[in-house]
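Subject: Structure handover

Hi there,

Here is the structure I promised to pass on. Have a look through it first, and then read on for what turned up.

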Amino acid sequence: MWPLAAALLLASACCGSAQLLFNKTKSVEFTFCNETVVIPCCVNNIEAENLNELYVKWRYKGKDIYSYDGVVNKSATYGDFHSARMDVPELLKGDASLKIDKSEALLGNYSCEVTELSREGETFIELKYRVVPWFSPNENILIVIFPIFAVLLFWGQFGIKTLKYKSSHMDEITIAVLVVGLVTTAVIIVGAILFVPGEYSIKNATGLGLIVVTTGLLLLLHYYVFKTTIGIPSFVIAILVMQLLAYVLAVVGLSLCISACIPVHGPLLIAGLIIFALAQLLGLVYMKFVEFRGTPPVS
């Protein structure tokens, strides 16, 4: 027994461990934002100096999905994992991680088997999916609340116009503004319904687009209400310019958020919507102020 033990100890000292040792990773997650899924497989005690000493095999639930044979320097994929690949030169550093396109990544257990001449080892990794909200809960609330608030303020202004400055009959332009106002309100409500909390999707992006783009119609309606009631004094011009700049800010934020899976420019979009609603509020307060002063309507 002692001579055998000594021989094994000597072989281990000369040639390293007879077993390949892995950096254990129980599971790895990917999200909607990942275009490529990376499943890690790292060998800690790799000793190979040439790729022809290595052989790697990946399996999904026991079935082969990818292999690399260093002797012929050739990779092969199996089944529906056509995008499976590795950074082959990294194998000499012990990195046998598998890369798969998100569309082909299946949830479940994967195994990575690495053979280095007479040494081999295997590790198991579970692939999971994690849902990441497109916007935070607070951001979702602000994005929906302020456009709706702006709509309510418009109807307040329109109510002042029709009650305080009403004429003997309702002209065609006023009827058109009423219809546009109703359509704008309906579209923003539909957008708010589509813009439900959750991860990025075409449905969410469409809802957000409807909310932001349609909010711009309120600027034109706001202008008409002012023009047909109290005119366009300097303060009103300032309010309209403020709304215009806020709308541009919101549209820029919208384009940046839709073009990115993670909306890092969400605060820009929200700031535009908030400023737009505040300008709408200033307009309503100014109209009430003029009403109490008894300023006659502008024809």
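One term to begin with: a contact here means heavy atoms within 4.5 Å. The model is a predicted one, so local features need pLDDT of at least 70 and side-chain atom pairs count only at pLDDT 80 or more, whereas totals for chains, interfaces and linings use all residues. Residues are numbered from 1 along each chain as its sequence is written, and side-chain values use heavy atoms, with hydrogens and water left out.

**Overall layout**

The chain has seven helices and eight strands. These elements are DSSP runs numbered from the N terminus, with helices being H or I of at least four residues and strands being E of at least two. Of the 299 residues, 41% are buried; buried means under 20% relative accessible area, exposed means over 50%, and partly exposed is in between (1.4 Å probe, protein chains only). Among contacts with a separation of 6 or more, 65% are between residues 24 or more positions apart. The accessible surface comes to about 16,100 Å², and 67% of that belongs to carbon and sulfur atoms. Areas come from the Shrake-Rupley method with a 1.4 Å probe, and for residues only the protein chains shown count as cover.

**Two nonpolar cores**

A nonpolar core is a set of buried Ala, Val, Leu, Ile, Met, Phe, Trp, Tyr and Cys residues joined through side-chain atoms within 4.5 Å. The largest one has 43 residues, and those with the most contacts inside it are Trp134, Phe135, Ile143, Phe195, Leu208 and Leu269. At least two residues of this core come from each of α2 (137–164), α3 (172–194), α4 (202–215), α5 (217–227), α6 (234–258) and α7 (266–293). Leu269 shows how these parts meet: leaving aside neighbours within four places in sequence, Leu269 is in contact with Phe135, Ile143, Leu208, Val212, Ala250, Gly253, Leu254 and Cys257. Apart from this core lies another, of 31 residues, which includes Val28, Val37, Ala84 and Ile125.

**A nonpolar patch and the UniProt spans**

Leu281 is found in α7 and is partly exposed, with a relative accessible area of 30%.

An unreviewed UniProt entry lists residues 141–160, 172–196, 208–226, 235–262 and 268–287 under "transmembrane region". UniProt positions are given in the numbering used here, feature names are shortened, and annotations may be inferred rather than shown by experiment. In the model, residues 141–160 are 100% helix and 0% strand, with the end C-alpha atoms 29 Å apart. Residues 235–262 are 86% helix and 0% strand, and their end C-alpha atoms lie 39 Å apart.

**Salt bridges**

How many salt bridges does the structure hold? There are ten, taking a salt bridge as a side-chain nitrogen of Lys or Arg within 4 Å of a carboxyl oxygen of Asp or Glu.

- Arg59 pairs with Glu122, the closest N and O atoms being 3.7 Å apart. This pair links distant parts of the chain, 63 residues apart: Arg59 is in β3 (residues 54–60) and Glu122 in β8 (residues 119–129). Glu122 is partly exposed, at 32% relative accessibility.
- Arg85 meets Asp101 at 3.4 Å, N to O. Arg85 lies in the loop between β5 (74–77) and β6 (98–101) and Asp101 in β6, so the pair ties together parts 16 residues apart in sequence.
- Lys93 and Glu90 pair at 3.8 Å, N to O. Lys93 is exposed at 63% relative accessible area, and Glu90 is partly exposed at 27%.

A network of salt bridges links Lys57, Arg59, Asp64, Glu113 and Glu122.

**Backbone points to check**

Leu117 has a phi near 55 degrees, sits in the loop between β7 (108–116) and β8, and counts as exposed at 62% relative accessibility.

Best wishes
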